[in-house]
Amino acid sequence: MATDYDAPRRDKEENTGPDGIEALAKGRSDQTGSVDVDEAEVAENFELPGADLGDEELSVKVLPMQTDEFRCSSCFLVHHRSQYAKEKNGQPICKDCA
């Protein structure tokens, strides 16, 4: 048997009369949408990005660029010499940027 999927769906048990709509509207008006939240308490635990980190110390050892590495003049990342693709205006370019 073919089914028309574009036709509106109505069940025989569903009550779509005015009584059904009024009951739904009454049930919706009984609900409260507000929640008591102390904004100051919530703001205390919230950390903004870029906050003052002046007293933090760097925990990673930074190594200088090695002799077998180069800095791509396009993406400014340090790559191993195996990633070297070409020179553009006398500056090295990596394979990703080439």
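The model is predicted, so local features need pLDDT of at least 70 and side-chain atom pairs count only at pLDDT 80 or more, while totals for chains, interfaces and linings use all residues. Residues are numbered from 1 along each chain as its sequence is written, and side-chain values use heavy atoms, with hydrogens and water left out.

**Overall architecture**

- The protein chain has 2 helices and 4 strands, where helices (H or I, at least four residues) and strands (E, at least two) are DSSP runs numbered from the N terminus.
- Read from the N terminus, the order of these elements is α-α-β-β-β-β.
- Of the 98 residues in the protein chain, 7% are buried; buried means under 20% relative accessible area, exposed means over 50%, and partly exposed lies in between, with a 1.4 Å probe and protein chains only.
- Among contacts in the protein chain with a separation of 6 or more, 4% join residues 24 or more positions apart, a contact being heavy atoms within 4.5 Å.

**Cysteines**

- A search of the whole structure returns 0 disulfides, a disulfide being a pair of cysteine sulfur atoms within 2.5 Å.
- The sulfur of Cys-94 has its closest cysteine sulfur in Cys-97, at 3.6 Å, which is too far for a bond.
- Cys-94 is buried, at 1% relative accessibility, whereas Cys-97 is partly exposed, with a relative accessible area of 32%.

**Aromatic pair**

- There is 1 aromatic pair, under a rule by which rings of Phe, Tyr and Trp (its six-membered ring) pair if their centres lie within 6.5 Å, with planes under 30 degrees apart counted as stacked, over 60 as edge-to-face and the rest as tilted.
- The ring centres of Phe-70 and Tyr-84 are 5.5 Å apart and the planes stand at 80°, so this pair is edge-to-face.
- Because Phe-70 belongs to strand β1 (residues 69-71) and Tyr-84 to strand β3 (residues 84-88), the pair ties together parts that are 14 residues apart in sequence.
- Phe-70 is buried at 10% relative accessibility, while Tyr-84 is partly exposed with a relative accessible area of 34%.

**Surface**

- The protein chain exposes about 9900 Å², of which carbon and sulfur atoms supply 49%, with accessible areas taken from the Shrake-Rupley method with a 1.4 Å probe and, for residues, only the protein chains shown counting as cover.
- Val-60, in the loop between α2 (39-44) and β1, is exposed at 54% relative accessibility.
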